[in-house]
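This report describes a single protein chain for a reader who has not seen it before. Each section takes up one part of the fold.

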Amino acid sequence: MGTCPIRRQSNRTILENHPEPVSQSLQDSMIVSLCDYPSFERSELTMCIGERLTIISDDGDFMMVRSTTTDQESYIPASYTAKVAHRWLFTGISRYKAVELLMQPNNQSGAFLIRESETNRDCYSLSVLRRANASYLDCVKHYRISKLQNGWFYISPGVTFPSLHHLVEHYSESADGLCSRLTGPCFIQGYDNAREARPVPTAIRRPTINWKDISSSMIFKRKRTESDQSLVSEGLREAITSYLQMTEGNDHSWDT
């Protein structure tokens, strides 16, 4: 009899064999280009490798797509594209194309994707980029993801997961035998850069008030001149005045 793999004990809650429902946002999929098109020299590109495409029409073997990079439309074979779900699960992609996508300059060490295995039915492959200081040492490692009869997945028989999502979460926290911890999905042009382009709110830090330098004249001065650079705003003056009036602060003995 064979040895049944068991899941390594951790501080996570042990789940049943039925994986938890996936949210709608994770179920959404996209189409990604697998090559530059056209590939002829001295031709203006209408589609770049690794970019998100908008499908205009789909005839099965061919589809009309619009590039999110050039905004041009192209009628291309469906084999020039891959379907991506959950942001990292690629359908219709070879090992060679996985390497080509991950080696794009926008990807950092630990970038990854999961694809259907070319050699083992019902299995997947995890492809992980490992960047080194010298570019010629960069490489992509591939790990087979096997599936148990109960539907759980594993790379190492000692650690099993109820879903691919749990597998990704685990190896995003720790390399645990992989060449690198998973740092993020393979970069997709027109998707990731759109999120990066969103303006980040800037926090404005006000100067710190040294209350020892504030006298009653600064607090109760009724009008401010253009040359008045006081750190005490009108609103703060009014608040302090109201507070002192309610607490019998009419003596105004704040002078230092």
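## The β5–β6 hairpin

Strands β5 and β6 form a hairpin with three residues between them, and H86 in the turn has a positive phi of about 60 degrees. The model is predicted, so local features need pLDDT of at least 70 and side-chain atom pairs count only at pLDDT 80 or more, while totals for chains, interfaces and linings use all residues. Residues are numbered from 1 along each chain as its sequence is written, and side-chain values use heavy atoms, with hydrogens and water left out. Helices (H or I, at least four residues) and strands (E, at least two) are DSSP runs, numbered from the N terminus.

Strands count as paired if DSSP finds at least two bridges between them. β5 also pairs with strand β1 (residues 29-33), again antiparallel, through five bridges; I31 stands opposite K83 in β5. Four of the five residues of β5 (residues 81-85) are buried, so this strand is largely enclosed by the rest of the structure. Buried means under 20% relative accessible area, exposed over 50%, and partly exposed in between (1.4 Å probe, protein chains only).

## The chain as a whole

The chain has six helices and 12 strands. Of its 256 residues, 36% count as buried. The accessible surface comes to about 16,900 Å², and 49% of that belongs to carbon and sulfur atoms. These areas come from the Shrake-Rupley method with a 1.4 Å probe; for residues, only the protein chains shown count as cover.

Among contacts (heavy atoms within 4.5 Å) with a separation of 6 or more, 46% are between residues 24 or more positions apart.

## Nonpolar cores

A nonpolar core is a set of buried Ala, Val, Leu, Ile, Met, Phe, Trp, Tyr and Cys residues joined through side-chain atoms within 4.5 Å. The largest one has 19 residues, and L126, I145 and I155 have the most contacts inside it. Two or more residues each come from β7 (111-116), β8 (124-130), β9 (139-147) and α3 (164-173). Of these, α3 gives the most, with four residues. Another core, of 17 residues, lies apart from it and includes A98, L101, V140 and C186.

Neighbours within four places in sequence aside, the contacts of L126 include F112, I114, Y143, I145, I155 and L182.

## Two single residues

S146 lies in strand β9 and is buried, with a relative accessible area of 15%. Not counting residues up to four places away in sequence, S146 touches C123, W152, F153 and Y154.

R95 lies in helix α2 (residues 95-102) and counts as partly exposed at 45% relative accessibility. Beyond its neighbours within four places in sequence, R95 is in contact with R115, E118 and H142.

## Aromatic pairs

How many aromatic pairs does a search of the whole structure find? There are four. Rings of Phe, Tyr and Trp (its six-membered ring) pair if their centres lie within 6.5 Å; planes under 30 degrees apart count as stacked, over 60 as edge-to-face and the rest as tilted.

The rings of F62 and Y75 have centres 5.6 Å apart and planes at 15 degrees, so this pair is stacked. F62 sits in strand β3 (residues 62-67) and Y75 in strand β4 (residues 73-77), 13 residues apart. F62 is partly exposed at 38% relative accessibility, and Y75 is partly exposed at 43%.
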